[in-house]
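Here are some notes for a colleague who is about to look through the model shown below.

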Amino acid sequence: MASVTYEHVSKRFGDVVAVNDLSIQVADKEFLVFVGPSGCGKTTSLRLLAGLEELSEGNIYIGDRLVNDVAPKDRDIAMVFQSYALYPHMSVYDNMAFGLKLRKTPKAEIDRRVKESAGILGIESLLDRKPKQLSGGQRQRVAVGRAIVRHPAVFLFDEPLSNLDAKLRVQTRAELSKLHKRLGTTFIYVTHDQVEAMTMATRIAVMNNGLLQQVDTPQILYDKPGNLFVAGFIGSPSMNFFDATIVESDGKLLVDGGSFRVEVPDKKKGTLLPHKGKEVVFGIRPEDIHAKPYVPPGILEADVQAKVDVTELMGNEIFVYALTGNKSFIARVDPRCRARAGEQIELAFNMDNMHAFDQKTEIAIV
Amino acid sequence: MSSEASRYAGLAPVAVAAVPRRRWNLWHRVNRVAVYGPLIFLTVLAVVPVIWMLFSSLKSLSEFYTNPWLWPRAWHWENYTRVWMGASFGLYFTNSMIMVTSSVSGMIIIGSLAGYALARYQFVGRDSVLYYFISGQIIPGQVVLIPLFIIVRFLGLLNTRQGLFLIYLAAAMPFVVFMMQGYFKSISREIEEAARMDGASELRIFWQIMFPLARPGIGSLAVFQSLWIWNEFLFALVFANKPHLRTLPIGIVSTIGQYFTDYPAYFAGLSVAMLPSIILYLITAKYMLRSTITGAVKG
Ligand SMILES: Nc1ncnc2c1ncn2[C@@H]1O[C@H](COP(=O)(O)OP(=O)(O)OP(=O)(O)O)[C@@H](O)[C@H]1O
Ligand SMILES: [Mg+2]
């Protein structure tokens with residue numbers, strides 16, 4: 001059991017800054033997920049913690065212990081690699097026992113722990129097989145098994161689900177969450193898939209270009225993204241953005257998007273008032289745009305006219321790709337909506353959930 | 001509806017398949033001739049001399065002159081016993097075996113360690129070392145024969161097994177190190193890192209993880225090197241030309257000297273000398289083919 005602390009950690013590969021001044025505190029028993037687009041430094045952050053890369057700057061602590069110069073094997077961590085990295089010439093049993101043998105664990109104890117871990121993961125019947133003789137999902141379990149037999153203080157996962165098919169991924173996601181509860185150990189998990197992050201994490205750290213953008217619970221990241229990048233990255237389909245100006249008219253504060261004008265709700269007025277007359281980026285999620293008359297009760301609607309470009313029927317909902325002015329955006333609307341491509345559509349923005357960002361700094365205003 | 005469906009279900013595949021298959025057959029036949037024709041020709045080219053050698057080794061000397069091309073009228077198996085006894089073939093055979101096993105083991109051990117270091121560790125001058133080995137492949141052994149001779153004599157290793165062993169090792173190293181380096185590079189780095197996190201020392205990672213994983217490549221390399229040393233003539237002649245050190249190729253040549261005109265015995269010797277190569281090849285053929293193919297695909 002241990003907390004993990006990154007303190008002003010940087011990593012450079014020649015001219016490339018893979019991780020830039022990362023500071024983050026991971027509490028004991030937390031399930032922290034690093035998420036971000038390809039090349040943003042997630043894997044590097046994890047490998048720094050594992051001791052597989054050397055720090056360029058900063059400190060990393062596991063528990064209270066400074067581990068900058070501690071060898072990977074002495075950090076009391078275990079890692080599941082993206083490729084699983086099973087030893088191809090060893091049986092599943094030996095794969096799992098290898099680390100314990102090297103630590104001179106008594107034979108009976110090794111046997112007990114391997115069987116126990118295999119039991120947790122449901123792979124008891126595979127212990128004699130070689131990795132080649134396993135399916136992708138089974139290999140993934142063995143890789144997890146090899147990590148949990150060692151009872152480490154921290155588990156590291158680098159995109160462990162990316163080689164599984166969609167269905168198995170969903171199932172394994174739930175199993176990993178369960179495993180986390182059962183083991184009560186700190187999990188640090190890397191993925192580029194925001195759905196994985198949202199479903200499993202107790203907290204998510206969003207990274208971009210080596211920089212930590214925001215770290216918070218999934219709900220807060222979704223409700224109150226700290227900047228334009230986080231707003232666009234969390235949520236699927238992504239949030240719609242419009243260049244807009246804040247204007248005042250008849251005592252109302254409005255967001256003027258050129259082809260539409262929507263009213264700012266009272267509770268957000270205070271923070272937006274100082275930006276009156278200034279350009280902002282107005283953000284609204286596809287799920288906060290409804291097609292009339294199928295608007296849920298109790299929301300603060302603002303009407304917007306748009307032209308339907310394309311529709312995608314998803315069964316339980318319809319994705320409408322719409323145009324206002326010449327700006328395209330997405331709405332997730334009620335399946336009863338009959339709008340067809342080329343037609344006008346009446347939409348209602350749920351202004352309670354509007355977002356606005358500073359155009360220059362891209363930092364959230366509300 | 002159901003009868004119609006079943007009719008289509010039954011007919012469609014046949015109708016669709018029938019037309020292209022005939023065309024494909026013809027093309028296929030042309031293709032086969034084009035591919036197998038040259039292959040058969042090359043096989044004959046390779047096999048005929050071997051058969052001729054085997055036949056000749058079983059003839060009497062007079063028949064060898066009067067019936068040089070066909071199979072023997074009388075089979076003279078005693079040519080083999082004569083060669084084995086008379087020309088100390090047993091000794092040459094043993095010498096060759098010693099040279100092959102010691103040199104190839106040495107090459108594999110040293111070459112794999114060096115190749116692994118070049119493939120996986122960052123150190124100053126690593127690329128220069130690798131280029132040095134690669135450029136070593138360009139220089140043929142004959143070119144450096146005289147300086148080599150001087151060095152070996154200076155070291156007092158002339159006409160010793162150790163001398164020849166070191167020469168084989170040095171001569172093979174550029175190729176062996178280069179190939180090993182490639183094999184190790186092709187193994188996923190994550191496997192090695194997993195072992196490191198499992199607590200394995202660098203040496204253990206090498207011997208218990210990396211070396212076994214590189215085994216297919218190492219195996220075929222060992223076979224190629226064994227065949228080369230088994231047949232190697234020049235170095236063996238120059239550096240180990242004492243009767244008790246002679247390897248098979250040298251031994252066979254000295255047989256000609258000894259029994260000047262005894263060609264059947266000479267060919268009997270050659271046939272025996274060839275045997276281990278063929279056995280080795282038969283055992284490992286499938287394996288080597290596979291490793292060259294996968295090597296080619298991975299680049
Ligand atoms: N060993 C290395 N040498 C040089 N550059 C590297 C090395 N490892 C990573 N980088 C660079 O560091 C940056 C971050 O890489 P990293 O692997 O951490 O990204 P990532 O967020 O894990 O991306 P992905 O989702 O594609 O796995 C990238 O620009 C990458 O090219
Ligand atoms: Mg990565």
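**Notes on chain A**

1. His8(A) counts as partly exposed, at 47% relative accessibility, where partly exposed is the range between buried (under 20% relative accessible area) and exposed (over 50%), using a 1.4 Å probe and protein chains only. Although His8(A) is not a glycine, its phi is positive, at about 45 degrees, and the residue is found in strand E1, residues 4-13 of chain A.

2. The model is a predicted one, in which local features need pLDDT of at least 70 and side-chain atom pairs count only at pLDDT 80 or more, whereas totals for chains, interfaces and linings use all residues. Residues are numbered from 1 along each chain as its sequence is written, chains are lettered from A and ligands numbered from 1 in the order in which they are written, and side-chain values use heavy atoms, with hydrogens and water left out.

3. Asp250(A) is another residue other than glycine with a positive phi, here near 55 degrees. Asp250(A) lies in the loop between E11 and strand E12 (252-256) of chain A, and with a relative accessible area of 75% this residue is exposed.

4. Two cis peptide bonds deserve a look. One joins Ser236(A) and Pro237(A), with omega at about -5 degrees, and Pro237(A) is found in the loop between helix H8 (228-233) and strand E11 (240-249). Another runs from Lys292(A) to Pro293(A), with omega near 5 degrees, and Pro293(A) has its place in the loop between strand E15 (289-291) and strand E16 (301-313).

5. Chain A has nine helices and 20 strands, which are DSSP runs numbered from the N terminus (helices: H or I, at least four residues; strands: E, at least two). Taken along the principal axes, the C-alpha atoms of the chain fill a box of roughly 80 × 45 × 35 Å.

6. Of the 366 residues of chain A, 51% count as buried. Among contacts (heavy atoms within 4.5 Å) between residues at least 6 apart in sequence, 66% join residues at least 24 apart.

7. The accessible surface of chain A, computed by the Shrake-Rupley method with a 1.4 Å probe, comes to about 16300 Å², and 48% of this belongs to carbon and sulfur atoms. The chain carries 46 positive and 46 negative side chains, and the centres of the two sets lie 7 Å apart; Lys and Arg count as positive and Asp and Glu as negative, while His and the chain ends are not counted, and each charge is placed at NZ of Lys, CZ of Arg, CG of Asp or CD of Glu.
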